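Subject: Structure for your review

Dear colleague,

Please find below the structure for your review.

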Amino acid sequence: MFTVVSFVGFTVLVAILSWWKTRGDDLSTKEGYFLAGRGLPGIVIAGSLMMTNLSAEQLVGTNGQAFAGNMSTMAWEATSAFALIILAFVILPRFLKGGVATIPEFFEMRYDTATMRLFSVLFLIAYVITMLPTILYSGAVALAKIFNIQEIFGVSYFTAIAVVCAATGIIGMCYAVFGGLKAVAYSDTINGVGLIIGGFAVPILGIIALGKLDGGGFLAGIEHFATATPEKMNAWSAPSALPPEVPWPLLFTGMFVNNLFYWATNQSIIQRSLGGKNLAEGQKGAIWAGFFKCLDVFVIVIPGIIAFQLLAANGQMDTSVGMAADQAYPLLVMEVIPKPLLGFLAAVMFGAILSSFNSVLNSASTIFTLNIWQPIWGKDADNNKVVKVGQIFGTVVGVIAIIISPFVMYFGTGIMNFINECWGFFSMPLLTAVLFGLLSKKAPAIAPKIIVPLHMVLYGLTKVIPFFSQFHYLYVVFALFVLECIIYFICIKVAPRETDWEMPDAQVLDMTPWKTGKYWAIAGIAVVVLMYIIFSPLVLA
């Protein structure tokens with residue numbers, strides 16, 4: 001009972017505080033609803049970026065990958081800092097100068113309306129079919145286990161998952177549909193404080209539990225963690241390694257471009273930075289988020305290793321990839337967290353789930369409303385009508401995601417692997433369209449129209465041709481990135497844009513850059529390098 005009370009208490013507190021911070025905001029305008037009135041400070045952007053990315057699919061899925069693999073899984077987190085630095089200094093200044101509200105809007109400015117519609121549809125498909133259902137499902141895996149829903153109510157596992165997915169989705173829709181981006185961002189930040197407390201409690205208490213195995217305490221647990229399974233400590237997997245491990249050559253190739261796509265061109269992520277009050281605050285948010293991503297390793301990678309040492313080394317758990325590994329984090333939580341604190345941790349996880357769900361839902365509404373509905377059917381619509389359409393669309397998408405979400409359990413490759421492989425169908429065409437759109441004056445509109453269908457066909461073929469199963473899928477992603485860059489260069493040479501393109505100056509924000517931003521960026525790079533030295537054969541592996 002105390003678990004339920006503490007869970008409800010913290011969840012209601014977040015809702016009240018988010019309402020209080022946004023109670024006087026004007027949500028009747030496009031910028032007020034979709035971009036938080038372009039008034040977000042750097043720390044709120046950083047917290048929202050972290051919480052949008054860090055959800056149950058990370059807590060459950062990435063820890064599951066570490067459980068079944070090794071520390072190379074941390075590449076998904078730590079190396080994101082490099083992509084966020086490029087976002088801060090290369091991409092964000094250009095987007096903010098042009099007053100860009102959505103990535104598809106930029107595609108219309110840079111290429112043409114057909115390109116904008118093409119990518120808008122791709123984003124919506126990815127959000128509705130992949131991201132939203134997986135967020136709900138992965139959260140349900142953890143919460144159903146913590147609250148023991150299957151046993152208490154005597155229902156099947158599928159039913160327990162479906163009920164939790166529905167409850168989470170409905171509450172998430174309330175934030176995203178009725179509160180707009182600012183309510184989402186502030187709830188993210190408040191939940192971030194709880195996640196710092198609850199998230200770090202799991203590895204700390206897990207290390208204490210490891211120490212007890214050797215008859216000691218926390219220090220004995222650290223020694224056990226560092227020495228018991230040295231093969232698990234290696235972040236530099238062999239070039240031929242397969243998922244869930246990350247081969248070391250991918251750190252400089254496929255992982256780099258994949259992170260660049262996610263952090264610099266993914267609408268649900270970059271929308272937080274586009275809502276900054278000025279360029280300096282947007283850059284602070286991006287770079288500080290890079291530091292948070294390094295801290296994420298202690299929350300969503302190391303617990304997976306602890307779970308292996310505590311629960312699997314003695315035969316208590318199946319170590320195979322997929323649903324078995326995805327149970328590692330919830331089971332570790334049940335093992336090490338005191339019962340009175342389970343409700344608080346569940347509330348923190350619930351907040352992380354809501355954060356990712358409502359952020360993606362808000363982005364889907366933004367793309368549909370501003371890039372599809374308004375240009376076609378709502379050219380003369382006032383602000384109230386535009387916002388209303390966004391709310392209706394968000395509600396419809398949320399319901400569809402709730403219906404799909406329980407069926408994610410039947411994909412046996414593991415939560416994170418499923419998400420990342422699905423994104424592979426869309427990622428590189430989006431990334432190359434943004435990079436060449438921003439950095440080339442001559443890239444023509446025909447280039448992305450060639451690349452989108454070509455990429456989807458080629459990537460799809462690698463999923464059905466047995467030869468490619470011996471390679472990590474990020475090698476395929478990087479190879480396609482290189483091919484698509486070559487196609488852009490050929491298009492620029494053969495059929496260049498008739499007039500040089502320049503980003504217009506919308507003059508909506510102060511574009512003064514962050515004075516000390518480069519020093520913070522260097523510090524962030526140093527932290528990532530140090531982490532890879534520690535988790536290498538030179539030190540722990």
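**The largest pocket**

The largest pocket has a volume of about 330 Å³. On a 1 Å grid over the protein atoms alone, a pocket is an open set of points with protein on both sides within 12 Å along at least five of seven lines, whereas a cavity is a set of points where a 1.4 Å probe fits but cannot get out; lining residues have an atom within 4 Å of a point. Grid points are joined across faces, edges and corners, and the volume is the space filled by probe spheres set on the points.

This is a predicted model, in which local features need pLDDT of at least 70 and side-chain atom pairs count only at pLDDT 80 or more, while totals for chains, interfaces and linings use all residues. Residues are numbered from 1 along each chain as its sequence is written, and side-chain values use heavy atoms, with hydrogens and water left out.

The pocket is lined by 17 residues, and Ile207, Phe225, Phe298, Ile302 and Phe535 lie nearest its centre. Helices H10 (157-213), H11 (218-227), H14 (279-300) and H24 (517-534) each supply at least two residues of this lining. By class, the lining has 17 nonpolar, no polar and no charged residues. Here Ala, Val, Leu, Ile, Met, Phe, Trp, Tyr, Cys and Pro count as nonpolar, Asp, Glu, Lys and Arg as charged, and the others, Gly among them, as polar.

**The largest cavity and Asn420**

The whole structure holds 5 cavities of 30 Å³ or more. About 260 Å³ of space lies in the largest cavity. Of the 18 residues lining the largest cavity, Asn53, Gln58, Tyr262, Met416 and Asn420 are the closest to its centre. Helix H12 gives the most to this lining, with 5 residues. By class, the lining has 9 nonpolar, 6 polar and 3 charged residues.

Asn420 lies in helix H20 (residues 415-423); helices (H or I, at least four residues) and strands (E, at least two) are DSSP runs, numbered from the N terminus. Asn420 has a relative accessible area of 11% and is therefore buried, where buried means under 20%, exposed over 50% and partly exposed in between (1.4 Å probe, protein chains only). Leaving aside neighbours within four places in sequence, Asn420 is in contact with Trp76 and Tyr473, contact meaning heavy atoms within 4.5 Å.

**Fold and core**

The protein chain has 24 helices and 0 strands. Of its 541 residues, 60% count as buried. The largest nonpolar core has 167 residues, and those with the most contacts inside it are Met71, Met74, Phe95 and Phe107. Helix H8 (residues 113-146) gives the most to this core, with 19 residues. A nonpolar core is a set of buried Ala, Val, Leu, Ile, Met, Phe, Trp, Tyr and Cys residues joined through side-chain atoms within 4.5 Å.

**Backbone geometry**

The peptide bond from Pro243 to Pro244 is cis, with omega near 15°, and Pro244 lies in the loop between H11 and H12. Asn148 is not a glycine, yet has a positive phi of about 55°; this residue is found in the loop between H8 and helix H9 (149-153). Gln507, also other than glycine, has a positive phi near 55° and lies in the loop between helix H23 (473-494) and H24. Asn148 counts as partly exposed at 33% relative accessibility, while Gln507 counts as exposed at 66%.

Yours sincerely
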